[in-house]
Amino acid sequence: DLLVENPDQALDEFLAELKISPSHAGALAALAAEYLRRGDPAAGMPYARQLVAILPDGLASHTLLGRLLAEQGDIQAGVLELEKARSIDPNHPQPHIVLASLYAKLGRKEDAARERQEFQRLKDREGRNAER
């Protein structure tokens, strides 16, 4: 996988893809996620915002935008995006664990505990399904 072996080259290729196809959701998501991974949320933000504009009902688009907002220090806005992601697919574990962390930072202990519990329940269910 190019993102693992040569992330800088992968970024260049995703940017080149966006010049050809500005609404390429995969390239937008990959760029937002890579900048999040690099700890550069400001660089990933435009791609995440464009992804949400293209896929307003997308779990990944709201999850990425929420995580980037939180990384930039706008925890409240990040929570709102992650709550949208959770409502789009309540059975996907990722929004739950990120929300648990953000709720804890906001001092919302009960909400954080509930999200951690739901995350664990979903992960346990995934594990059981994988064993079948």
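1. Basis of the note. The structure is a predicted model, in which local features need pLDDT of at least 70 and side-chain atom pairs count only at pLDDT 80 or more, while totals for chains, interfaces and linings use all residues. Residues are numbered from 1 along each chain as its sequence is written, and side-chain values use heavy atoms, with hydrogens and water left out.

2. Secondary structure and overall dimensions. The protein chain holds eight helices and zero strands, where helices (H or I, at least four residues) and strands (E, at least two) are DSSP runs numbered from the N terminus. Read from the N terminus, the order of elements is α-α-α-α-α-α-α-α. The radius of gyration of the protein chain is 16 Å, close to the 14 Å that the globule rule gives for 132 residues, so the chain is as compact as a globular protein of that length; the radius is taken over C-alpha atoms, and the rule is 2.2 Å times the number of residues to the power 0.38. Along its principal axes, the C-alpha trace of the protein chain spans about 45 × 40 × 25 Å.

3. Among contacts in the protein chain with a separation of 6 or more, 43% come from residues 24 or more positions apart, contact meaning heavy atoms within 4.5 Å. The protein chain exposes about 7,500 Å², and carbon and sulfur atoms supply 51% of this area; accessible areas come from the Shrake-Rupley method with a 1.4 Å probe, and for residues only the protein chains shown count as cover.

4. Charges. The protein chain has 17 positive and 21 negative charges, and their mean positions are 7 Å apart. Lys and Arg count as positive and Asp and Glu as negative, whereas His and the chain ends are not counted; the place of a charge is taken as NZ of Lys, CZ of Arg, CG of Asp or CD of Glu.

5. Salt bridges around arginine 114. The count comes to 10 salt bridges, each being a side-chain nitrogen of Lys or Arg within 4 Å of a carboxyl oxygen of Asp or Glu. Arginine 114 meets aspartate 111 in one of them, at 2.8 Å from N to O, and both residues lie in helix α8 (residues 109–131), three residues apart, about one turn of the helix. Arginine 114 also meets glutamate 115 in a salt bridge, at 3.2 Å from N to O. Arginine 114 is partly exposed, with a relative accessible area of 39%, whereas aspartate 111 is buried at 18% and glutamate 115 is buried at 3%.

6. Lysine 123 forms a salt bridge with glutamate 126, the closest N and O atoms being 3.3 Å apart. Lysine 123 is partly exposed at 37% relative accessibility, as is glutamate 126 at 39%, and the two lie in helix α8, three residues apart, about one turn of the helix. Salt bridges that share partners join Arg86, Arg108, Asp111, Arg114 and Glu115 into one network.

7. Threonine 63. Threonine 63 has its place in helix α5 (residues 59–71) and is buried, with a relative accessible area of 5%. Not counting residues up to four places away in sequence, threonine 63 touches Leu82, Ala85, Gln94 and Pro95.

8. Histidine 24. Histidine 24 is found in the loop between α2 (7–20) and α3 (25–37), and at 32% relative accessibility histidine 24 counts as partly exposed. Leaving aside neighbours within four places in sequence, histidine 24 is in contact with Glu17 and Leu18. Phenylalanine 14 and histidine 24 are 10 residues apart in sequence and 9.1 Å apart in space, C-alpha to C-alpha.

9. Isoleucine 54. Isoleucine 54 lies in helix α4 (residues 41–54) and counts as partly exposed at 31% relative accessibility. Not counting residues up to four places away in sequence, isoleucine 54 touches Ser23 and Leu28. From isoleucine 54 to alanine 33 there are 21 residues in sequence and 16 Å in space, C-alpha to C-alpha.

Methods: Buried < 20%, exposed > 50% of the residue type's maximum accessible area, 1.4 Å probe, protein only.
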